[in-house]
Amino acid sequence: MSQTTTRTIADHFAEQAERRPDAAALIWDGEPISYAELLALADAAHAEIEGARLPLDRPVGIRAKKSPEAIALIIACLRAGHAFLLPSIELASETLAQLFAQAGTSQVLSPHGPRSESAASLRALVDDARAQPGEGGLGSQSEWPPAGGAEGVTFMLTTSGSTGLPKIVPLQNAGVDAFTDWAAAKFEIRPGTVVANYAPLNFDLCLLDIWTTLKYGGTVAMVDQDRATQGAYLAELIGDNEVNVLQAVPMLYRLLIDVNREDGRTFPSVRHAITTGDKIPASSLAELPKLFPNARFYNVYGCTETNDSLVHEFLGLAEGNVPTNVPVGQPIPGVIVRVQSEDGTALEGTGTGEFMVWTPFQTRGYLKSSLNEGKFVTLEDDDGRTYYKSGDIVRRHDDGTLTLEGRADFYVKVRGVRVSTQVVEQAIQEHPAVIEVAVIAVPDELAGARLHATVRREADAKLNSLQLRQHCSTRLARTEMPSTIQIVTDPLPKTSTGKVDRKAVAAELERSRANGG
Amino acid sequence: MADETTTKIKTFIVEEFMPDVPVEDLEDDYDLLTGGVVDSLGLLKVVAWLEDEFDIGVDDSDLGPDSFRTVAAIKAYVDQARDPAHAE
């Protein structure tokens with residue numbers, strides 16, 4: 001139904017290609033690729049898909065690293081009316097096979113076409129996963145179609161899967177359509193606008209920087225995944241291509257700040273700079289107006305399940321109005337927020353509680369419907385609305401703004417007291433010489449858990465653990481004070497999304513302890 | 001100016017709990033407990049070391065936090081334990 005009433009991104013893209021065939025759709029490896037060229041690539045991929053006569057009532061899998069061909073393949077799937085699962089290529093092949101099997105994919109496509117070798121080997125893996133009996137092959141049984149119906153499902157993304165198999169999130173075309181409309185209006189994305197794409201192709205962030213841009217006739221300047229941590233490359237891509245809209249995790253901004261310190265490069269073309277995915281440190285925030293003299297600055301809050309739900313615009317950054325605790329923002333028009341107290345009632349006024357949200361863009365639930373319990377909650381007292389329980393604890397201030405207190409999962413018990421490791425990280429991060437920090441809970445027989453902080457300081461700063469403790473003593477309770485503090489100057493390990501990888505920090509710590517270090 | 005006992009105590013605390021800090025940065029009156037340098041488990045380590053190093057007995061009833069809150073307090077405790085006559 002919605003499929004016939006809502007046009008897909010492929011339809012809009014084709015229209016843009018007809019109207020302005022010579023305009024650049026993508027910039028890849030320094031070269032522009034016009035709308036006509038990308039359309040030709042999509043036509044070729046579409047012909048291959050049609051030729052393979054894949055069943056339309058089953059999804060396809062896409063295993064693709066970011067490239068113009070991969071984007072063309074997605075356009076082709078949208079045009080052919082296939083729902084498609086687009087997982088991270090970084091996942092282990094067994095995990096990928098399980099995901100493709102769970103999605104009930106008829107075929108795994110890669111940008112070189114359904115007959116390529118890598119696709120064939122993956123197909124074999126999928127068959128293997130299916131052949132396993134239900135017991136052993138965890139998550140390998142097809143869960144297709146979604147409980148809410150297959151109608152209108154296009155993109156199927158996955159959660160980051162920090163524990164267990166990533167969860168498959170089917171998105172309705174209508175939701176994608178509404179989101180891209182909002183994003184285009186909010187960040188002025190239209191013909192001629194250059195939007196940088198930093199995130200890998202399987203991220204929900206691409207719905208903004210790639211798919212909104214192609215729908216509205218702009219140009220996507222694509223960051224090569226293999227060079228995503230090279231500051232000089234990123235500065236060149238953003239500067240030379242005169243990027244207007246930039247959306248990325250705080251790490252990108254940190255890399256650009258380092259480049260700016262080296263050679264003073266600024267990015268006057270940027271009009272909208274969006275930080276997302278993680279809390280940006282005040283020390284980075286304060287530098288942004290220097291790098292982007294003509295930009296407006298935003299923090300965007302969202303997740304794969306709901307897409308973006310809140311936006312905060314930083315006003316007066318250039319005048320030194322730098323918040324240490326970044327507000328998560330105001331609801332996007334149409335978004336409904338509920339802050340739920342521990343007793344299950346909606347919080348009125350100020351206080352803390354779990355952030356629950358309903359957005360016009362959200363999924364109807366995970367593909368594996370048994371996962372929905374406790375995450376998607378329908379509240380009878382609230383018009384029967386289905387909220388997504390984010391797992392984030394927020395504080396509502398007296399002026400109505402929300403700030404993030406931390407993940408519900410980050411609460412640990414230290415000597416019987418509930419402590420959020422993120423609150424501790426935040427306090428440490430406020431020290432001007434601190435670049436980044438990971439606080440982890442180390443299991444302890446006596447205390448239950450003890451806190452350890454690994455802190456990266458500015459290389460030329462003199463900060464030591466004693467000074468850091470002094471800094472923290474006015475900000476943290478005794479139970480929140482880390483038992484051990486390690487100060488380093490090398491970058492902390494990062495996840496594929498550019499966030500500090502606490503698990504890797506914990507593993508490193510364990511290794512050094514095991515070696516008696 | 002720092003006497004030998006104070007230096008020994010500081011060196012132990014720094015080596016044990018904050019190896020990145022120069023010994024001379026640790027002030028005599030720095031609050032080790034509020035600063036989280038020594039927690040209740042760390043305190044047991046300190047006591048075990050004191051007993052060993054200075055050959056003194058630490059009574060359980062002395063294990064209140066105030067006896068060991070600062071380097072100065074620890075030194076006073078050691079002095080008193082070694083030579084009760086001169087204490088007070």
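Colleague: A salt bridge is a side-chain nitrogen of Lys or Arg within 4 Å of a carboxyl oxygen of Asp or Glu; how many does the rule find across the interface of chain A and chain B?

Modeller: This is a predicted model, in which local features need pLDDT of at least 70 and side-chain atom pairs count only at pLDDT 80 or more, while totals for chains, interfaces and linings use all residues, and side-chain values use heavy atoms without hydrogens or water. Residues are numbered from 1 along each chain as its sequence is written, with chains lettered from A and ligands numbered from 1 in the order in which they are written. Across the interface of chain A and chain B, the number of salt bridges found is zero.

Colleague: Which residues of chain A lose the most area to chain B?

Modeller: Contact, meaning heavy atoms within 4.5 Å, joins 16 residues of chain A to 15 residues of chain B. The two chains bury about 1300 Å² between them, 52% of it on carbon and sulfur atoms, where buried area is the accessible area (1.4 Å probe) that two parts lose on being put together, summed over both. Together giving 40% of what the chain A side buries, the residues that lose the most are L466(A), R469(A) and R478(A).

Colleague: Over which residues of chain A does pLDDT stay under 50?

Modeller: pLDDT is the predictor's confidence in each residue, from 0 to 100, and its mean over chain A is 89, with 92% of the residues at 70 or more. Where pLDDT is low, the predicted coordinates should not be read in detail. The stretch of chain A that stays under 50, for which the model has seven contacts beyond four places in sequence, is residues 133-139.

Colleague: At what angle do the axes of α4(A) and α8(A) cross?

Modeller: Helices are DSSP runs (H or I, at least four residues), as strands are (E, at least two), numbered from the N terminus. I71(A), I74(A) and I75(A) in α4(A) meet I210(A), W211(A) and L214(A) in α8(A), and the residues of this contact divide into six nonpolar, no polar and no charged. The axes are lines fitted to C-alpha atoms over the stretch in contact, with angles from 0 to 180 degrees between N-to-C directions; they come within 13 Å and cross at roughly 65 degrees.

Colleague: Which peptide bond is cis?

Modeller: P145(A) lies in the loop between α6 (117-131) and β6 (153-158) of chain A. With omega near 0 degrees, the cis bond runs from W144(A) to P145(A).

Definitions and conventions
Nonpolar A, V, L, I, M, F, W, Y, C, P; charged D, E, K, R; others polar.
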